[in-house]
Amino acid sequence: MRRTTATTDYLKECMGTALLELMKEKPIEKISIEEMTAKADVGRSTYFRYFKSKDEVLSFKITCLWKRFSDEHGATNFATGSYDGIRLFFEFCLSTRPICDLLYSADCQYVILNFYLQEAASIVANADAKTHYFIQFITYGLFGLMNAWVLRGYKETPQEMAQIVCDWEASSEEK
């Protein structure tokens, strides 16, 4: 019997949840695939069928969280550079703060960047050169801002972060 996409995604997300839970107890490099799949109640073969690394598992989990968040908030791709897109980007980061903090404490914040690049890939796939480079600029720039924001302890609100970005854009247009 073939699994449905929903079932497959559920099993893959279970692995992400299990991995995050295990990361609360010990470093990611000390977590075995067997341990993660047992906690997720899936077979080892399921992991190897869908993933090449634990980083991919984490990125998939973040993707699932983004999909739910974007469905609930009517968000589209955050790499467009609009005020609402940027605000929602920071609201998403704040809504996943425990996961962000866990990834940062494990020195795995690059997983977040990989997720952002995957999200941007759908826009740049068939874009002209100007759009391609702009989206890459926004994606890496937002990651850099998110990184600084996390390291500063999330002091500003998502609205303040979006306003900072929009103020930069407005001041650059004035010059």
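Helices (H or I, at least four residues) and strands (E, at least two) are DSSP runs, numbered from the N terminus. The model is predicted, and local features need pLDDT of at least 70, side-chain atom pairs count only at pLDDT 80 or more, while totals for chains, interfaces and linings use all residues. Residues are numbered from 1 along each chain as its sequence is written, and side-chain values use heavy atoms, with hydrogens and water left out.

Q: What makes the contact between E91 and R87 a salt bridge?
A: A salt bridge is a side-chain nitrogen of Lys or Arg within 4 Å of a carboxyl oxygen of Asp or Glu. The N to O distance for E91 and R87 is 2.9 Å, so the pair meets the rule. Both residues lie in helix 5, four residues apart, about one turn of the helix. An α-helix has 3.6 residues a turn, so residues three or four places apart point the same way.

Q: Why is R87 called buried?
A: Buried means under 20% relative accessible area, exposed over 50%, and partly exposed in between (1.4 Å probe, protein chains only). R87 has a relative accessible area of 19%, so R87 is buried. E91, at 18%, counts as buried too.

Q: What makes the pair of R44 and E34 a link between distant parts of the chain?
A: R44 forms a salt bridge with E34, the closest N and O atoms being 2.8 Å apart. R44 is in helix 3 (residues 44–50) and E34 is in helix 2, ten residues apart. R44 counts as partly exposed because its relative accessibility is 40%, and E34 counts as partly exposed at 39%. By the salt-bridge rule the count comes to nine.

Q: Why does K61 count as buried?
A: K61 has 9% relative accessibility, so K61 counts as buried. K61 is placed in helix 4. Contact means heavy atoms within 4.5 Å; leaving out residues up to four places away in sequence, K61 touches E13, G16, T17, L20 and R68. A network of salt bridges links E13, K61 and R68.

Q: Why is L58 called buried?
A: L58 has 2% relative accessibility and so counts as buried. L58 lies in helix 4 (residues 54–73). Its contacts, leaving aside neighbours within four places in sequence, are L19, L20, M23, I28, L103 and V111.

Q: What makes the space lined by I62 and F92, among others, a cavity?
A: On a 1 Å grid over the protein atoms alone, a cavity is a set of points where a 1.4 Å probe fits but cannot get out, and lining residues have an atom within 4 Å of a point. Grid points are joined across faces, edges and corners, and a volume is the space filled by probe spheres set on the points. The structure holds one cavity of 30 Å³ or more, and about 70 Å³ of space lies in the largest cavity. The lining residues include I62, F92, T96, L103 and I112.

Q: How do you know which class the lining residues fall into?
A: Ala, Val, Leu, Ile, Met, Phe, Trp, Tyr, Cys and Pro count as nonpolar, Asp, Glu, Lys and Arg as charged, and the others, Gly among them, as polar. The lining of the largest cavity divides into ten nonpolar, one polar and no charged residues. Helix 4, helix 5 (83–95), helix 6 (97–105) and helix 7 (110–124) each supply at least two of the lining residues.

Q: What makes the phi of D41 worth noting?
A: Most residues other than glycine have a negative phi, and most peptide bonds are trans. D41 has a positive phi of about 60 degrees although D41 is not a glycine. Y154 also has a positive phi of about 60 degrees and is not a glycine.

Methods: 1 Å grid on protein atoms, 1.4 Å probe; cavity = no way out; pocket = protein on both sides within 12 Å on 5 of 7 lines; lining within 4 Å.
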